[in-house]
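Please look over the sequence and the structure shown here before reading on.

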Amino acid sequence: MEQKDRRSCLPDDVLQSILRKLSLKQAVRTGALSRWWESQWIRALASSPVVDLTDDPDFARGQPPALSAATVDRCLRLHTELGAPLDMFRVALVCPSDLDGQDVIGWIATGLRRGARAVEVDLAPPPPEEEDEEEEGEEEEDPHAGHEAPLLELPADLFQARNSLERLALGSFSLHAVPLPAVGLAGLRSLSLSHVDVTDEALRGLVANCPALERLSLRRCSRLAMVSVASETLRVLELVGCQALKQLCVDAPALESFALHCNIFVTNPDAPCEWDWDTPVEVDLLGPPALRDVYLSHIGCDTRLDTEHNALYPSLCLDVVLARILTICSIGLLVRTENHNAHKLIRSVTIYSCGSDQHVDSLSWLDPFKDMPNLEELQLLMDYEGYCLEAVSGFFKLIPLPVLQRLFVCLHIDHEPEGEGSSSAAVWSVENDDSKDMAPKEEIVLDQLTFIKFVNFSGTWCQLRLLSFFLDKSPVLQQLVLVTPEGEGALGDDRLKVIHERVAALEKASSEASITVCRPKEDDTPNHPHTRYFHEEYETM
């Protein structure tokens, strides 16, 4: 009773501020203390301009979908009956077949009617059921193919009235019945579509309907193939997992941030010649825009790379050379320049993630095309352990990076059991020290590079070779940070100590560089601006 009296003496605005900082689940639990506390969290909800049911990961995961939907209904009803103006409404649910679609549409309509500037509703499809046993001889299927859940169709009149909407995010909806132009979408500054049946024509209409659009995100939109985006105001563009994509043409002079996660090739079985079955996805950034940061990844997609291919993923290099921040995956660092009909065409930017037993053709036939004069922060996403150092070094040799200051390398986590012949055991074999021969002796100097950070570093021989290469080329390096894996690949204290000793023994161009080996929770050093890895998100879809 004494504690209750103390809390009740707090000013109402302080109590409301505290409760609004709790997740919905935590706020509701305070009602178990007394009816007084129940009235407090209800008042906090009603007075808040934000109804956010995505801030608690257990909201949709920890209860049946029908109960989650009932909670959403109750929250909106209380907010309507008791509350302040609604500025933002966000909810994410796993969409079962028995979820009442009219309820969901009602949530969106309520948000629009009450003047919300941001409405985000994501009905994530349920995960596919796993088969007990695979039939013998059956080919492994793409885990993302053939499991499309039914989409909830939005009514034609939903966006026909004027509203205050500036941000709209929809997941697992159908826009087939929504006519364009729609006055209710005209004020959008941000549009995010995930698992939506938007077509090429509909997307062009949507973008044209939103003259103030600044951010566009398209994820797992399977009907997009020949995408054309033209906007004077667009600043951020993301395309993730749109696996039918064949061509992307962007005319957006204000574009500052661009992220692409897609296939390298698109299959065309109707092509007259077998060699033309796989054609590169075409990407063209008109202008080009003055991009500030770029994210290019194909990890987890259908790459089917082959060192014999003459034309791989068409490069964006000429469009992104002025970027200050770049993330590139391990499908993309070899650069080939071709001349075709007197027109210079960059045909590929490709890192080959070759196994250690695979041969990489000489890079002498490659011609450097241009430096990246503004690139200050570079992140390499390595697909798997057996990456080829010669390809990585070839990229740095061919493309000058005169102002590169910070390098981040996100390694594939190696779950290979430790043993005498495993690469994971290499860190223990200090006696077999071949550090002098670890790094290719290329004439490369990264003379502005002061910070290097490896993530998921476990000290395998391949990782040490890659690290040794960068240490050998960085004469002004000040700080080296090695963050070890967590979870299943977590390392013990003894292993961390051995890694530190092994790395300290490597040859370095800088005698001033500090070395930190730590676990993720112990790391307080800077991260690359791109902290979302789309291939990891794609794997969970």
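The sections below begin with the chain as a whole and then turn to sheets, helix pairs and single residues.

## The chain as a whole

The structure is a predicted model, and its protein chain holds 13 helices and 24 strands. Of the 541 residues of the protein chain, 48% count as buried. When the contacts with a separation of 6 or more are taken together, 70% of them in the protein chain come from residues 24 or more positions apart.

## An open sheet of three strands

One place to begin is an open sheet formed by 3 strands, which follow the order β9-β11-β15 and pair in the parallel sense. The edges are held by β9, residues 226–230, and β15, residues 282–285, and because each of these has a single partner strand, one side of each is left without a neighbour in the sheet. On average, and with direction ignored, neighbouring strands of this sheet are turned by 5° against each other.

The pairing of β9 with β11, which covers residues 247–251, is parallel and runs over 5 bridges. Within this pairing, S228 has C249 of β11 as its bridge partner. As a general point, strands of a sheet pair through backbone hydrogen bonds, either parallel or antiparallel.

## Strand β22 and its two partners

Strand β21, residues 406–410, runs parallel to β22 and is joined to it by 5 bridges, and here V409 stands opposite F454 in β22.

Strand β22 also pairs with β23, residues 479–483, in the parallel sense and over 5 bridges. In this second pairing, K453 stands opposite V481 in β23.

Helix α10, which spans residues 389–398, is mostly covered, with 8 of its 10 residues buried. The buried residues of α10 are L389, A391, V392, S393, G394, F395, F396 and L398.

How do the axes of α10 and α11 cross? The axis of α10 and that of α11, residues 461–472, come within 10 Å and cross at roughly 25°. Angles under 35 degrees count as roughly parallel, and α10 is therefore roughly parallel to α11. The contact is made by L389, E390, V392, S393 and F396 on the side of α10, and by R465, L466, F469 and F470 on the side of α11. Sorted by class, the contact of α10 with α11 has 6 nonpolar, 1 polar and 2 charged residues. The crossing of these two helices, α10 and α11, is right-handed.

## Helix α6 against helix α7

Which residues of the two helices meet? From α6, the residues A69, V72, D73, L76 and T80 meet D103, W107 and T110 in α7. By class, the contact of α6 with α7 has 4 nonpolar, 2 polar and 2 charged residues. In general, an α-helix has 3.6 residues a turn, so residues three or four places apart point the same way.

## Backbone details in the loops

The peptide bond from L180 to P181 is cis, with omega near 0°, and P181 lies in the loop between β6, residues 173–174, and β7, residues 190–194.

Is S172 buried or exposed? S172 is buried, with a relative accessible area of 5%, and its place is in the loop between β5, residues 167–171, and β6. The phi of S172 is near 70°, a positive value in a residue other than glycine. H195, in the loop between β7 and α8, residues 200–209, likewise has a positive phi, of about 55°, although H195 is not a glycine. H195 is also buried, with a relative accessible area of 12%.

Key
Residues are numbered from 1 along each chain as its sequence is written. This is a predicted model: local features need pLDDT of at least 70, side-chain atom pairs count only at pLDDT 80 or more; totals for chains, interfaces and linings use all residues. Side-chain values use heavy atoms; hydrogens and water are left out. Two strands pair if DSSP finds at least two bridges between them. Helices (H or I, at least four residues) and strands (E, at least two) are DSSP runs, numbered from the N terminus. Axes are lines fitted to C-alpha atoms, for helices over the stretch in contact, and angles run from 0 to 180 degrees between N-to-C directions. Buried means under 20% relative accessible area, exposed over 50%, partly exposed in between (1.4 Å probe, protein chains only). Angles under 35 degrees count as roughly parallel, over 145 as roughly antiparallel, 65 to 115 as roughly perpendicular and the rest as oblique. A crossing is left-handed if the near helix is turned anticlockwise from the far one by less than a right angle, and right-handed if clockwise. Contact means heavy atoms within 4.5 Å. Ala, Val, Leu, Ile, Met, Phe, Trp, Tyr, Cys and Pro count as nonpolar, Asp, Glu, Lys and Arg as charged, and the others, Gly among them, as polar.
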